[in-house]
Amino acid sequence: MTDFRDKATVREILTATGETWAVVGLSSNTRRAAYGVAQVLQRYGKRIVPVHPKAETVLGEQGYASLAEIPFEVDVVDVFVNSSLAGEVADQAVAKGAKAVWFQLDVIDEQAYERTTKAGLLMVMDRCPAIEIPLL
């Protein structure tokens, strides 16, 4: 079985995979985990791109209703949706040409992991970049 929580992959995504992070599920609701994680990513120099059906501007960044609507390249897709929907977002990340997919804590879809890594993307699941990045 593949280690979808692999520390080397976590490090590579956070340090070498790129600066533009699409945060799927990010809205202006400051009580949601996605908001706090996006703040931490910004603090560490990442550009966040909110992806949410409302397409709100969040933390000073223009939001988009879907990954496909983002008019520029995205390096990492950080997924804050229910596990039952996460695999579809991973497939959208592959279609978008992202370099990596990150599933948040408790979000696990092993079939999506297989599809995504087979397509050549880096991927971690059941981890939080806001917890991991200060540890580097």
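Let's start with a term: a crossover is right-handed if, with the strands pointing away from the viewer, the path from the first strand over the helix to the second runs clockwise. Helices (H or I, at least four residues) and strands (E, at least two) are DSSP runs, numbered from the N terminus. With that in hand, look at β1, helix α2 (residues 33–43) and β2, which make a right-handed β-α-β unit.

A word on what you're looking at. This is a predicted model, so local features need pLDDT of at least 70 and side-chain atom pairs count only at pLDDT 80 or more, while totals for chains, interfaces and linings use all residues. Residues are numbered from 1 along each chain as its sequence is written, and side-chain values use heavy atoms, with hydrogens and water left out.

Now zoom in on strand β1 (residues 20–24). Five of its five residues are buried, where buried means under 20% relative accessible area, exposed over 50%, and partly exposed in between (1.4 Å probe, protein chains only). Thr20, Ala22 and Val24 point one way from the strand, Trp21 and Val23 point the other way, and all are buried. On pairing (DSSP must find at least two bridges between two strands), β1 runs parallel to β2 (residues 47–51), joined by five bridges, and Thr20 stands opposite Arg47. β1 also pairs in the parallel sense with β3 (residues 76–79), over four bridges; here Trp21 stands opposite Val76.

Next, helix α1 (residues 7–16). Its residues Thr9, Val10, Ile13 and Leu14 are buried. Seen down the axis, the buried residues of α1 fall within an arc of 125° (taken from the directions from the helix axis to the C-beta atoms), so they line one face of the helix. The face turned away from that buried side carries Lys7, Ala8 and Ala16, which are exposed.

On to the charges. A salt bridge here is a side-chain nitrogen of Lys or Arg within 4 Å of a carboxyl oxygen of Asp or Glu, and the whole structure has seven. One of them joins Lys46 and Glu19 at 3.6 Å, N to O. Lys46 sits in the loop between α2 and β2 and Glu19 in the loop between α1 and β1, so the pair ties together parts that are 27 residues apart in sequence. Lys46 is buried at 7% relative accessible area, whereas Glu19 is partly exposed at 39%.

Arg127 and Glu132 also meet in a salt bridge, at 2.9 Å, N to O. Lys7 is linked with Arg127 and Glu132 in a network of salt bridges.
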